[in-house]
Amino acid sequence: MLNHLCLSGCPIPPSSIICAPCDPTRSGGFHPAGAIVLCQGHFWSKKHMEDTLAHELVHMYDHCKFNVDWQNLRHHACSEIRANNLSGDCRYMREH
């Protein structure tokens with residue numbers, strides 16, 4: 001994902017991925033200013049952290065490549081569907 005972002009003209013410096021405290025309902029987030037937040041203490045496994053990072057990187061890719069308007073619900077929903085499908089959120093083993 002990092003390679004595709006770079007090839008799309010959106011290289012991601014390591015300083016753009018931060019670990020920070022978050023509310024208990026989330027594992028990570030993407031900010032259109034170019035930052036990804038991984039929520040400290042919210043991962044139950046390395047795989048969960050990797051899937052969360054992949055999910056947020058899909059949002060970053062969409063923002064860069066497709067100029068997503070995050071206030072447009074259709075744009076936002078499309079990016080969420082892509083991120084869920086491509087990051088592993090839709091795997092059978094993730095169902096509760």
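The model is predicted, so local features need pLDDT of at least 70 and side-chain atom pairs count only at pLDDT 80 or more, while totals for chains, interfaces and linings use all residues. Residues are numbered from 1 along each chain as its sequence is written, and side-chain values use heavy atoms, without hydrogens and water.

Helices here are DSSP runs (H or I, at least four residues), as are strands (E, at least two), numbered from the N terminus. Two packed helices are described by the angle between their axes and the distance between the axes. The table gives both helices of the pair.

| Helix | Residues |
|---|---|
| α2 | 46–66 |
| α3 | 73–87 |

The two helices, α2 and α3, pack at an angle of about 140°, with their axes 8 Å apart. They are therefore oblique to each other (angles under 35 degrees count as roughly parallel, over 145 as roughly antiparallel, 65 to 115 as roughly perpendicular, and the rest as oblique).

Within α2, the buried residues (under 20% relative accessible area; exposed is over 50%, partly exposed in between, with a 1.4 Å probe and protein chains only) include His-55 and Tyr-61. The buried residues of α2 pack against α1, β2, β3 and α3.

Ser-8 lies in the loop between α1 and β1 and is partly exposed, at a relative accessible area of 25%. Beyond its neighbours within four places in sequence, Ser-8 contacts Tyr-61, Cys-64 and Lys-65.

Conventions. Axes are lines fitted to C-alpha atoms, for helices over the stretch in contact, and angles run from 0 to 180 degrees between N-to-C directions. Contact means heavy atoms within 4.5 Å.
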